[in-house]
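Have the viewer open and follow along.

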Amino acid sequence: MAPPPPASMPLQQRLMHLAQTLQFGWFVGHLTLLFCSLRYSLSYITFNYYSRWARFSYRTAFIAAAATYGIVVYKAYRARSRTGSRQQPGPLALLGDENVQYLLMALVWLFGRQIPLALLPFTVYSVFHVATYTRANLIPTFQPPQQSPAGGASPGGRPTTKSSPLADTIGRFVKEYYDASMTLVASLEIFLWFRVLGSAIIFTKGSWILLAIYTVFVRARYSQSSFVQGAIGQGVARIDALVANQSTPPAARQAWETVKRLGRQATDASDINRYVVAKGQVPKKAQ
């Protein structure tokens, strides 16, 4: 993330300098997503999720999501171009980039039918992105860090700077709740898969195509995210405990073992890392 404008600039110039960066557009996109998600949630809890404002909020949220991840993907491409790298990543390497994956899924949800649960993972990400940008860029722009008096210099003789209490509070919030929130995102993405599966079972229009696309996405998330792996592992362990109960019929146990075996075979056969990492491409974290 780019540093805030120099404290020597006047406030107006600092704000103009900040607003002219792509990172600021990325921040505005996440902030828009949060506002639209809040507006849509109000429509949802009042059972007006197909009203004009609800549809507008839902679509705008995913437009903002696509814009934010598009900015990150563009910045990565521009960085490679500036370094003079002639070898651009191939299609499989691009699909191995988490930001590309979320960009594509945002477009899928944007043009598909409304599924409220699909908004939640993007919303959780946006909370932390907005908080991080506010702490690292907005607060230092409005309130540049102040140097401590000479008596407060560090042992090395260098003057220390005093950060904003609000920035410190945001930093503690991000540090304390990040892992729990990423686990929540992983659980939401898994629950969403079952939600899409349910629509496919009752043959909702376009649901089987959506299920295929989202299954590929979840498989990619499983290979790249320890949080998704942990969430699935916990779910499997809970079902194992239920199946191990003496009252469970043998047929149910056998069916569960078959499901696990088929799942392992499908996971091994669809491991994209054998194609991407073998070429030296490291998947990038979502931003």
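## A greasy patch, a pocket and a cavity

Start at Leu 42, which sits in helix H2, residues 22-45. This is a predicted model, by the way. Leu 42 has a relative accessible area of 45%, so it counts as partly exposed. Together with Leu 38, Tyr 44 and Ile 45, Leu 42 makes up a nonpolar surface patch of about 420 Å².

The largest pocket holds about 1500 Å³. Its lining counts 39 residues, and those closest to the pocket centre are Trp 193, Val 218, Tyr 222, Ile 232 and Thr 267. Helices H5 (98-111), H7 (165-201), H8 (207-224), H9 (226-243) and H10 (250-269) each give two or more residues to that lining.

At least two lining residues come from each of H5, H6 (119-142), H7 and H8, and H5 gives the most, with 3 residues.

| Space | Volume | Lining residues by type |
|---|---|---|
| Largest pocket | about 1500 Å³ | 24 nonpolar, 11 polar, 4 charged |
| Largest cavity | about 50 Å³ | 9 nonpolar, no polar, 1 charged |

Terms used. Residues are numbered from 1 along each chain as its sequence is written. This is a predicted model: local features need pLDDT of at least 70, side-chain atom pairs count only at pLDDT 80 or more; totals for chains, interfaces and linings use all residues. Side-chain values use heavy atoms; hydrogens and water are left out. Patches are made of residues with over 30% relative accessible area and no salt bridge: like charges are joined within 9 Å, nonpolar side chains (Val, Leu, Ile, Met, Phe, Trp, Tyr) within 5 Å. Accessible areas come from the Shrake-Rupley method with a 1.4 Å probe; for residues, only the protein chains shown count as cover. A salt bridge is a side-chain nitrogen of Lys or Arg within 4 Å of a carboxyl oxygen of Asp or Glu. Helices (H or I, at least four residues) and strands (E, at least two) are DSSP runs, numbered from the N terminus. Buried means under 20% relative accessible area, exposed over 50%, partly exposed in between (1.4 Å probe, protein chains only). On a 1 Å grid over the protein atoms alone, a cavity is a set of points where a 1.4 Å probe fits but cannot get out, and a pocket is an open set with protein on both sides within 12 Å along at least five of seven lines; lining residues have an atom within 4 Å of a point. Grid points are joined across faces, edges and corners, and a volume is the space filled by probe spheres set on the points. Ala, Val, Leu, Ile, Met, Phe, Trp, Tyr, Cys and Pro count as nonpolar, Asp, Glu, Lys and Arg as charged, and the others, Gly among them, as polar.
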